[in-house]
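Q: I have a model open and want to learn how to read it. Can we go through it feature by feature?

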Amino acid sequence: MQIFEINSALDMHLHLRDEDMLKLVAPKTSNTFAGALIMPNLVPPVTTKESLLSYKDRIKEACGDDNFEPFMTLFFKNDYTYEFLNDIKDEIIGIKLYPAGITTNSENGVSSMDIETLRPTLEIMSELNIPLCVHGETNGFVMDREKEFMPIYESLALAFPNLKIIMEHITTKDAVELLDKYNNLYATVTLHHLLITLDDLAGGALKPHLFCKPIAKRYEDRSALLNAALNAHPKLMFGSDSAPHPKHKKECCGCAAGVFTSPIALQVLVELFDRYKKLENLNAFVSLNAQRIYNFKAIEKKVTLVKKEFLVPEIYEYKNENVVPMYAKESIAWSIESIK
Ligand SMILES: NC(=O)N[C@@H](CC(=O)O)C(=O)O
Ligand SMILES: [Zn+2]
Ligand SMILES: [Zn+2]
């Protein structure tokens, strides 16, 4: 039987939530991944050292696994001081910037992307070598929001040449192309954006479990993303953006944005890279690129996968929480055999 080994998988964009949802979803990542970059969009968002450290403790407890490293992030604010950021810098891997209201729990994000307004915090981040992670969407037409954000990425990259800027969860050909234009621009891409287009979400009967921000785009966008991932573009990292919402918040009028992919991520990545005969590039895409870009050494964790059918559960539950995964009740060609 065909097998494949992944070394120290890293998920560089992950939502773990809090309380029972955290307890439900955290082990779904920590059992197979060596580390993950944890998004700070809790309610209220993570903006103090105290809330950051206590969230990290709750994550570690929920994982119940010392062999997993949560890389913490702060929620961007325009008025962070040098003293504050200098004091917290060793506890964080980056700061996440959200335009206000653009996605789930981003109400406290920045109300303007004007560079001069953002400058005070960005200058300090640049000086202290703290990377900037960005949800890059304008409030324009939903299919054009990411494309319209490209000039903002360009001005940020030019204005702060020493700041590492990560374009989170890119969904367009334009974003892939921008990667090669500026030294200090990097990106994450999700699993679902490598797989689906707007057709899968809304071309037939509406699929709420595939609804997320940024919304899935056109075929040419998916091809560009897939091509960059399969060839392990050196500035592109895997970031699942696994974003759990309870079933009743997805299967309703006013469906929340977010796709839950943690429990299927590695199996589907292997299936995808195998299908395109690119398995030799998967470890770079899912681990080595992130270690080089963020400059750290991941802890050892070897996951062995076998080409054997894995039937995706219909739902995951814990106490009163539940969440429906992507590909629920469908089967994947690869499954996890062992973890060391
Ligand atoms: N991607 C999403 O659709 N949702 C994310 C937020 C985000 O990453 O934008 C969430 O927190 O639910
Ligand atoms: Zn986002
Ligand atoms: Zn996200």
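Q: Is His-13 buried or exposed, and why?
A: Count C-beta atoms, placed from the backbone: 20 or more others within 10 Å of a residue's own means buried, 12 or fewer means exposed, and in between is partly exposed. His-13 has 25 other C-beta atoms within 10 Å, so His-13 is buried. This is a predicted model: local features need pLDDT of at least 70, side-chain atom pairs count only at pLDDT 80 or more, and totals for chains, interfaces and linings use all residues. Residues are numbered from 1 along each chain as its sequence is written, while chains are lettered from A and ligands numbered from 1 in the order in which they are written.

Q: What is the place of His-13?
A: Helices (H or I, at least four residues) and strands (E, at least two) are DSSP runs, numbered from the N terminus. His-13 sits in strand β2, residues 10-14.

Q: Where is Asp-241, and what is it in contact with?
A: Asp-241 lies in the loop between β9 (236-238) and α10 (247-250). Leaving aside neighbours within four places in sequence, Asp-241 contacts His-13, His-169 and Thr-190. Asp-241 is buried, because 26 other C-beta atoms lie within 10 Å.

Q: Which residues does UniProt list for "binding site"?
A: UniProt positions use the numbering here, feature names are shortened, and annotations may be inferred rather than shown by experiment. The unreviewed UniProt entry lists His-13, His-15, Lys-96 and Asp-241. They are spread over 229 residues of sequence, yet they cluster in space, with a largest C-alpha distance of 13.1 Å.

Q: What else does UniProt list for Lys-96?
A: The unreviewed entry gives "modified residue: N6-carboxylysine" at Lys-96. Lys-96 lies in strand β5. Lys-96 counts as buried because it has 26 C-beta neighbours inside 10 Å. Leaving aside neighbours within four places in sequence, its contacts include Met-39, Thr-73 and Cys-133.

Q: How many bridges join β4 to β5?
A: Two strands pair if DSSP finds at least two bridges between them. Four bridges join β4 to β5 (residues 92-97), and the two run parallel. Phe-75 has Lys-96 in β5 as its bridge partner. From β4 the chain crosses through helix α3 (residues 82-88) to β5, a right-handed β-α-β crossover. Right-handed means that, with the strands pointing away from the viewer, the path from the first strand over the helix to the second runs clockwise.

Q: What does β3 pair with?
A: Strand β3 (residues 35-38) pairs with β4 in the parallel sense over four bridges. Here the chain goes from β3 through helix α2 (residues 49-63) to β4, and this crossover is right-handed. Seven of the seven residues of β4 (residues 69-75) are buried.

Key. Contact = placed C-beta atoms within 7 Å.
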